[in-house]
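Please have a look at the sequence and the model before reading on.

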Amino acid sequence: MTTRPVTKVPTRIMVMGPPGSGKSTLARMLGEQLDLPVWHADALFHGPGWVARPREDFIADMAALATRPAWVIDGNYSSAHYGPAITDRLARAERIILLDLPRRITIPRVLRRVARYHGQQRPDSAPGCPERLDREFLLYCWHWQRAVRPGILRVLAEVEDRVIRYHGTPPLLRMLAD
């Protein structure tokens, strides 16, 4: 995927990538820098206790967000089961940022995040969803590159002129480490 220079500041931005890639952090930073509202797809997907909300409700919420004039939305939900949840976002997004980071970076970040927030509510989580690490999530993180990434690359191929892809930490996130 190629990138083109930004000629105007986008007002509808998607941030995608594996768990631990920095999606939520980047989304918050973009929202602050550009004065845009930020939405976390995971917070819309889960109800209390990490229970998935009804598929139709989640898709309707994502479609409603996509119609707004300005937003930063982080999260993927690109599978066939949740296809409409990404279709509307892709149609309206002016920029899509893919944090295409390898496991050797993302897994340690997930583990640090769990250690930092264990038992607490993260700012980007749904109410009633304290941070935890379970086997299912860890396996999802481990297999993301092989199981989820190909589907994301497929849907992004159709809009590649609006995609910015990072294989390392984006400069905006690197500023946090300084």
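Let us start with K8 and E94, whose side chains form a salt bridge with an N to O distance of 3.4 Å. K8 sits in the segment before β1 (12-16) and E94 in the loop between α4 (83-92) and β6 (95-99), so this contact ties together parts that are 86 residues apart in sequence. Do keep in mind that you are looking at a predicted model.

E94 also meets R12 in a salt bridge, at 3.5 Å from N to O. That pair, too, links distant parts of the chain: R12 belongs to strand β1, E94 to the loop between α4 and β6, and 82 residues separate them. Are E94 and R12 buried or exposed? Both are buried.

Another pair to look at is R122 with E131, joined by a salt bridge of 2.4 Å, N to O. Both of these residues are buried as well. Salt bridges with shared partners connect R113, R122, D124 and E131 into one network.

| Salt bridge | N to O distance |
|---|---|
| K8 and E94 | 3.4 Å |
| E94 and R12 | 3.5 Å |
| R122 and E131 | 2.4 Å |

Now for the surface. Which residues make the nonpolar surface patch of about 220 Å²? They are L111, L133 and L138. L138 is part of helix α6, which covers residues 135-147. Its relative accessibility is 33%, so L138 counts as partly exposed, a class that lies between under 20% for buried and over 50% for exposed.

Note on methods
Residues numbered from 1 in each chain as written. Predicted model: local features only at pLDDT ≥ 70, side-chain atom pairs only at ≥ 80, totals over all residues. Heavy atoms only, no water. Salt bridge = Lys/Arg side-chain N within 4 Å of Asp/Glu carboxyl O. Helix = DSSP H or I, 4+ residues; strand = E, 2+ residues; numbered from the N terminus. Buried < 20%, exposed > 50% of the residue type's maximum accessible area, 1.4 Å probe, protein only. Patch = residues over 30% accessible without salt bridge, like charges linked within 9 Å, V, L, I, M, F, W, Y side chains within 5 Å. Areas by Shrake-Rupley, 256 points an atom, 1.4 Å probe, with all protein chains shown as cover.
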